[in-house]
Amino acid sequence: MPMETEKKINSLDVARRQVDIAAEHLKLDPGIREKLKQTKRELTVHFPVKMNDGSLKIFTGYRIQHDVTRGPAKGGIRYHPDVDLDEMKALAMWMTWKCAVVNIPFGGAKGGVQCDPKSMSIQELENMTRRYVWEIAMMIGPDRDIPAPDVHTNPQVMAWIMDTYSILKGYSVFGVVTGKPLELGGSLGRLEATGKGVYTIAQEAAHIQNFPIKGARVVIQGCGNVGGTAAQFFDRAGAKVVAISDYQGGIYNEKGLNVAEALSCRNQYSCFITRESTGWETITNAELLELKCDILIPAAIENQITHKNAPKIQARMIVEGANGPTTPEADEILRDRGILIVPDILANAGGVTVSYFEWVQNLQELLWSEEEISERLIRILKKSYAEVLHISQREKVDMRTAALMLGIGRVAEATRLRGIYP
Ligand code: NAD
């Protein structure tokens, strides 16, 4: 396998190589393999937004549908300066496999706008969101493509999406987007679903690896929806969260951080402020990933664990909260070093699973209780973990290959059954 060069790692190349690996094991028909490596639809839009200083700024956005064989396309909306077409295509592909791994009736999609949301006012973000939705409205809808939150988007952004789409239609369409506020057809349990799922899957993996979560040393990169929520679940279970970070860097305490204090400081000041009383040391994101720990959770962005730092990772296992945080070269190195990787398409599937529950509740116009949602989520995740583990043991492959085999196998079989038109 060729080594990564110094140039930016292309996530689409990574995603396509993963399809090849799984397709070899599944002995997939070459034509089906090629179909699965391509995205079905790609929309690129360039659109103007009125900024606070009166100027017009042109933004570029995307909505990609990778595959809709098993159901409507499903996938988040990302606001980030690095958003580009290939990244969106890779993320859409991973959504297809993820929905198939947890066996919910969705295909995969992704969207995003290339922007720096941190430098924009709320009004500018709202203007940009509404115009972006107008531009992609021909592609989305409750029966065709249902967006959700991703990096730097949240329930408020989902509310603007739902409102703009509803205005275009002339009536309220709650099922067009998930991750909405509770007051607007959001589901109980959606906000914490991905982090809770990461924690649930880590519990399963730790059980198989024979160590308790209580007292385990946990390191988390990213403290947003996924990383921050996961940190709280580990903390409540008696694990020691020794380090956490945001895009600017992280904090570390050998004895375990006070998670509530760390997250509230980050929320209040948009950074971690180290004082003598906190006992925090500052560290870089690169240092954080190489800390000695039982569970490492990358929960920020793609390509964080590469051939460069994989030899220095000192975790017992990696549970991928982020999408695509580990490159194929790093996978190989970590596998050879005996470090278990629980892959993204299984580990962070809690979010899309509760998004599915939200969509079902919207379509049926009924509400499920928090207990009902939590019980269904945990049941689906545990079953999916057991299925992936079973394939991994039966085929003697790592957990990522097993998860890809499960997801891609289901999509390939659905494709075969539907047949190729005409
Ligand atoms: P978020 O915006 O809430 O948080 C992202 C976190 O990553 C922040 O703490 C941010 O400071 C940090 N970050 C951003 N760029 C970074 C960098 N270059 N280096 C280090 N840290 C950086 O986003 P989120 O929803 O928590 O998503 C995080 C990851 O989880 C993404 O890969 C996303 O695709 C994936 N994911 C999210 C969900 C969901 O439901 N939100 C579901 C499945 C997967």
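The centres of domain 1 and domain 2, taken over C-alpha atoms, are separated by 27 Å. The domain assignment of the protein places domain 1 at residues 40–184 and domain 2 at residues 193–347, with bounds that come from an automatic or database domain assignment. The structure is a predicted model, in which local features need pLDDT of at least 70 and side-chain atom pairs count only at pLDDT 80 or more, whereas totals for chains, interfaces and linings use all residues. Residues are numbered from 1 along each chain as its sequence is written, and side-chain values use heavy atoms, with hydrogens and water left out. Between the two domains, eleven residues of domain 1 are in contact with eight residues of domain 2, contact meaning heavy atoms within 4.5 Å.

The ligand is surrounded by 24 residues, of which the closest are Asp150, His152, Thr194, Asn225 and Asn323; a residue is counted here if one of its heavy atoms lies within 4 Å of the ligand. Because domain 1 (40–184) and domain 2 (193–347) both give residues to this shell, the ligand lies between them. The shell comprises nine nonpolar, ten polar and five charged residues, where Ala, Val, Leu, Ile, Met, Phe, Trp, Tyr, Cys and Pro count as nonpolar, Asp, Glu, Lys and Arg as charged, and the others, Gly among them, as polar.

A polar side-chain atom of Arg190 lies 3.2 Å from a ligand oxygen atom. The backbone also takes part, with an N or O atom of the Asn225 backbone 2.9 Å from an oxygen atom of the ligand and a polar backbone atom of Gly321 at 3.4 Å from a ligand oxygen. Of the 820 Å² of accessible area that the ligand has on its own, the protein covers 89%, the areas being calculated by the Shrake-Rupley method with a 1.4 Å probe and, for residues, with only the protein chains shown counting as cover.

Apart from its neighbours within four places in sequence, Ala299 is in contact with Ile220, Gln221, Gly222, Val226, Gly227, Gly321 and Ala322. Ala299 and Val342 lie 43 residues apart in sequence and 13 Å apart in space, C-alpha to C-alpha.

Val242, in strand E7 (residues 240–246), is likewise buried, with a relative accessible area of 0%. Beyond its neighbours within four places in sequence, the contacts of Val242 include Arg217, Val218 and Val219, as well as Ile251, Tyr252 and Asn253. From Val242 to Phe272 the separation is 30 residues in sequence and 14 Å in space, C-alpha to C-alpha.

When neighbours within four places in sequence are left aside, Gln18 is in contact with Trp94, Arg400 and Leu404. Lys382, in helix H13, is partly exposed at a relative accessible area of 36%; although 182 residues separate Lys382 and Thr200 in sequence, their C-alpha atoms are 7.8 Å apart in space.

Most residues other than glycine have a negative phi, and most peptide bonds are trans. Asn103, in the loop between helix H3 (85–101) and strand E4 (107–114), has a positive phi near 55° and is partly exposed, with a relative accessible area of 43%. Phi of Lys396 is also positive and near 55°; this residue is found in the loop between helix H13 (370–395) and H14 and counts as exposed at 73% relative accessibility. A cis peptide bond, with omega about 0°, joins Tyr421 and Pro422, and Pro422 is found in the segment after helix H14 (399–418).

Conventions. Polar contact = N/O pair within 3.5 Å; in protein donor to acceptor, adjacent residues only side chain to side chain. Helix = DSSP H or I, 4+ residues; strand = E, 2+ residues; numbered from the N terminus. Buried < 20%, exposed > 50% of the residue type's maximum accessible area, 1.4 Å probe, protein only.
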